[in-house]
Amino acid sequence: QLDLAFDHKDIISDAINVISTDLLQTTAAKNFLPKHFTYSELQAVLKTVTDDPAILSDQSFSRKIKSLPFIKEVPGKTTTRTSKRATKLYTFIDMDVIKPIYTARY
C-alpha cells in the first residue's frame, strides 16, 4: 500500500478495469495460454479478473466451455500437465464474438 503521486492510483485502477473487460468480453485470454490449452488453464486466466460464479465454479465452467462457439476441442490430443488424468485440449477459433463471451448464453 504505497501512496502514489497525483492520479496514478486512478490510472492503475482504470488499466486493471480495461484488462478485466478485455479478458471477459474478447478472446484476449488466448494471449496468456498455449495454442492448445485445457479448460482449467483458461479458467485460471479468467479467475484472475473476475469473481463471476459461472467462471469460478469448476462444473459450470466445464459445461460452459463445451458450448462456446469460438473454442473447439483438439481431436485426439490430451495432456497431463494440469491433472494426473489425461485432459482434453482446446483451441480458439477466429471469429467475431458476442459480448460478454464467457457468461453469455450460446
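Predicted model: local features only at pLDDT ≥ 70, side-chain atom pairs only at ≥ 80, totals over all residues.
**Entry 1: Phe92 and its surroundings**

Skipping its neighbours within four places in sequence, I found Phe92 in contact with Thr27, Lys30, Leu33, Phe37, Leu42, Phe70, Ile71 and Tyr102.

**Entry 2: the core**

Next I looked up the largest nonpolar core, which has 19 residues. Phe92 is among those with the most contacts inside it, along with Phe37, Leu42, Leu46, Ile71 and Tyr102. I then checked which elements supply at least two residues each to this core: α1 (8-25), α2 (39-47), α4 (58-67) and β2 (87-92) do. The largest share, three residues, comes from α2.

**Entry 3: ring pairs**

Which rings pair up here? I counted two aromatic pairs. For Phe37 and Phe92, I noted ring centres 5.1 Å apart and planes at 35°, so I logged this pair as tilted. Phe37 sits in the loop between α1 and α2 while Phe92 is in strand β2, so the pair ties together parts that are 55 residues apart in sequence. I found both Phe37 and Phe92 buried.

The other entry is Phe70 with Phe92: their ring centres are 6.3 Å apart and the planes lie at 10°, so this pair is stacked. Phe70 lies in the loop between α4 and β1 (71-79), and with Phe92 in strand β2 the pair therefore ties together parts 22 residues apart in sequence. Phe70 is buried, as is Phe92.

**Entry 4: putting the rings together**

To close the page, I wrote down that Phe37, Phe70 and Phe92 form one aromatic cluster.

Terms used:
Residues numbered from 1 in each chain as written. Heavy atoms only, no water. Core = buried A, V, L, I, M, F, W, Y, C linked by side-chain atoms within 4.5 Å. Buried < 20%, exposed > 50% of the residue type's maximum accessible area, 1.4 Å probe, protein only. Helix = DSSP H or I, 4+ residues; strand = E, 2+ residues; numbered from the N terminus. Contact = heavy atoms within 4.5 Å. Phe/Tyr/Trp six-rings, centres within 6.5 Å; stacked < 30°, edge-to-face > 60°.
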